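Me: Could you walk me through this structure, one question at a time?

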Number of protein chains: 2
Amino acid sequence: MPDPLNAFVPGSQVYVTGAAAGPLAGLRFAAKDIFDVAGHVTGGGNPDWARTHEPAAAHAPVVQKLLDAGATLIGKTITDELTRGILGINAHDGTPVNPAAPNRVPGGSSSGSASAVAGGLVDFALGSDTGGSVRIPSSFCGIHGLRPTHGRIPLEGILEQSASFDTIGWFARDPAILARVGAVLFDSAVEETPAFRLLVAEDAFAVADDTVTAALAGPLDRLRALAEASETVRVCPTDLRDWRAAMGTVQSWEATRSFAAWVDATNPRFGFDVAQRFFASATITAADVEAAGPVRQAHCARMAEIMTPGTVIALPSAPGPAPCKGLSQTDMWDVRARISLLTCIAGGAGLPQVSLPLEVVDGAPVGLSLIGPAGADEKLLACAAALHVK
Amino acid sequence: MPDPLNAFVPGSQVYVTGAAAGPLAGLRFAAKDIFDVAGHVTGGGNPDWARTHEPAAAHAPVVQKLLDAGATLIGKTITDELTRGILGINAHDGTPVNPAAPNRVPGGSSSGSASAVAGGLVDFALGSDTGGSVRIPSSFCGIHGLRPTHGRIPLEGILEQSASFDTIGWFARDPAILARVGAVLFDSAVEETPAFRLLVAEDAFAVADDTVTAALAGPLDRLRALAEASETVRVCPTDLRDWRAAMGTVQSWEATRSFAAWVDATNPRFGFDVAQRFFASATITAADVEAAGPVRQAHCARMAEIMTPGTVIALPSAPGPAPCKGLSQTDMWDVRARISLLTCIAGGAGLPQVSLPLEVVDGAPVGLSLIGPAGADEKLLACAAALHVK
């Protein structure tokens, strides 16, 4: 299979034909290389992880479900190492092409899945989102992406990073396909015409570049026109940095523990930025995690308070378009820190978020995101369809 | 060239014929892949360092000098990444075989050079020693190795780690060849019969395994019989951990700075243990370095006080034989910390040290080391020859 985008795992050959009939019959998809596919090693974006693991015995249930619904799996895609990245840079496998802005990074960690979808190689692709790994590449590559409600889709058969935040998500160019995949994975009906009340998150917009806020004004107006009511709110009563810090503490603590024994035994090769994450998080103590608890509880309580049933929050998916390739490590840390001010809002509270490719800034895509109450994934998919300009 | 030992840099082909005549005519040597060889990239044990550097324009002066003296260079050898390792483990290139104990590591960072010499592939090999990178692989592989007086051999044309401690050293099975190489590189005559006063470093022996101390008792007796006088001393008036900490602070500070800009720009792949060194040292402050100054001065003053001209200090080269392969990261840190209690004694004071392959413990070599006053390299080489059992 030609791979002009460097979206697929180098050297891998994975092809599993879907059922002849079903709601996804005729669609082609790819899966991030953290999903088990029977007979293939789940490589996790790291050569030493791949080297020290056996081929999977069975498909991950989510992969099986898509195959059973008629979709055909045509490949496994590049991921940031062990899902620990947000920019789509993998020091071993290279950076997948961002088809919407080839001089920029694609975003990650579900980088290859976003690249393959944006480049038209597949109809949809599976990714995962712990701290933004579906939402950010959706925004950077100019495609639709859903991070579902935490816990709604079981995580069996995928590489675990942080159990408190890991979700399985997916990408599509067409929001109708995004919704059809959702109907299969949620075992639910596609919601046709969404009824919703809109909250515009002013503290989230304050994080974004002015050019992003200006560009998203038009789509926001269209969204307000669709809503039953709308108002502007500050989602975090204190400072988004508090929510980010609390989520970051717990996520890093869990992620480090997920891989600690393997790292200790294997001495794996990591890109320096990935190794840095392990070290930064090694300084987190159990007391830090305990101290983060009340902040996380307040975060969840605040979101539940403002997100009455039928409410949808609008915010920028990312502070800006994808950064250009070749950033220094120092600059990358600044970019990541700013991104996570936005991704923590839904991620830290386990809420669903969809990113919509509605605008372009400096010649590169920027997404508008919608967050819904827990379990309102179908409503977000319906909003995405309603806003879509064909 | 066949390389059953994985001693040479994979994929490299370096062969430079030496002058037809000269004091080293007919000898074959190898050079750690931190020495410039004209027309070849100096890879430094890291694929991203190799990828981001151009081929060297000229031979390192020390390589040129050996070629001019008649020795032929037959290859460049594997090194721990950027010389930052002491066990001989390279996550990219693999671990060179320890021919004297194939189930054990060879020691590093001059791992391939020690392996090639111990396995008989070359007559001698160039390495470098900042914190033990010649002395430890000498001990582990059962060969002779010299770390010269700091500053005696110019460092032009080699990859710098830590300017305050870097030295160019070399290995040989035969101490006569070790001395002949010394005569060329020092521009001096080989000293024939050494006259020396012996100090046995009791605090250094206290660091070693009891089995090592017991095994080295015989060689120590032979050494005493050769000496004009001998006594037992405690080299460090306080605790070797003080000297180790002060040297470690300065070395880590310098090493991190040597590579900081490149790391920031390149996001290189590192084995986890190597990345860990960069992070551990990133926490060192200028104040820490300043505080280490008086300790280092006291260390140098103490060594100058006890090392009157003609004095030689005997100590174990390493606390034990080479550790077996497959150690966890956690265990490796303990091994390294104990090794550096011994290597800091000469290293922190810039003194020359030779390691002699005189004993075997648990089926693996252990070296006896001799430290001399600054500039007494030739005397150490003469002692090595005098103690050699053919």
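Me: Happy to start with the fold: how many helices and strands does chain A have?
Reply: This is a predicted model, and what follows is computed from it. The secondary structure of chain A comes to 13 helices and 11 strands.

Me: What is the radius of gyration of chain A, and what does the globule rule give for its length?
Reply: For 390 residues the globule rule gives 21 Å, and the value for chain A is close to that, so the chain is as compact as a globular protein of that length. Along the principal axes, its C-alpha atoms fill a box of roughly 55 × 50 × 35 Å. The radius of gyration itself is 19 Å.

Me: What share of chain A is buried?
Reply: A residue is buried here if 20 or more other C-beta atoms lie within 10 Å of its own. Of the contacts in chain A with a separation of 6 or more, 79% are between residues 24 or more positions apart. Among the 390 residues of chain A, the buried share is 58%.

Me: Let's look at one helix. How far apart are the end C-alpha atoms of H5(A)?
Reply: Helix H5 of chain A covers residues 175-186, which is 12 residues. At 1.5 Å a residue it should span 16 Å, and the model agrees, with its end C-alpha atoms apart by 16 Å.

Me: Which elements do the buried residues of H5(A) pack against?
Reply: The buried residues of this helix include A:Ile177, A:Leu178, A:Val181 and A:Leu185. Just after the helix, A:Asp187 takes a positive phi of about 55°. The packing partners of the buried residues, in chain A, are H2 (61-68), S3 (124-129), S4 (144-147), S5 (167-172) and H13 (377-387).

Me: Now the two chains: which element of chain B supplies the largest share of the side that touches chain A?
Reply: In the interface, 19 residues of chain B are in contact with 19 residues of chain A. On the chain B side, H9 (240-266), S8 (269-271), H10 (272-282) and H12 (329-347) each supply at least two residues. The largest share, 5 residues, comes from H10(B).

Me: What is the bridge partner of A:Gly271 in S8(B)?
Reply: S8 of chain A, residues 269-271, pairs with S8(B) in the antiparallel sense over 3 bridges. In S8(B), the partner of A:Gly271 is B:Arg269.

Me: What kind of axis relates the two copies?
Reply: A rotation of 180° with 0.0 Å of shift along its axis superposes chain B on chain A, with an RMSD of 0.0 Å. The same surface serves both copies, as 100% of the contact residues of chain B recur in chain A. The copies are thus related as by a two-fold rotation axis.

How values were computed. Residues are numbered from 1 along each chain as its sequence is written. Chains are lettered from A and ligands numbered from 1 in the order in which they are written. This is a predicted model: local features need pLDDT of at least 70, side-chain atom pairs count only at pLDDT 80 or more; totals for chains, interfaces and linings use all residues. Two residues are in contact if their C-beta atoms, placed from the backbone, lie within 7 Å. Helices (H or I, at least four residues) and strands (E, at least two) are DSSP runs, numbered from the N terminus. Two strands pair if DSSP finds at least two bridges between them. Copies are superposed by least squares on the C-alpha atoms of residues with pLDDT of at least 70 in both. The expected span of a helix is 1.5 Å times one less than its number of residues. A residue is buried if 20 or more other C-beta atoms lie within 10 Å of its own, exposed if 12 or fewer, and partly exposed in between; C-beta atoms are placed from the backbone. The radius of gyration is taken over C-alpha atoms; the globule rule is 2.2 Å times the number of residues to the power 0.38.
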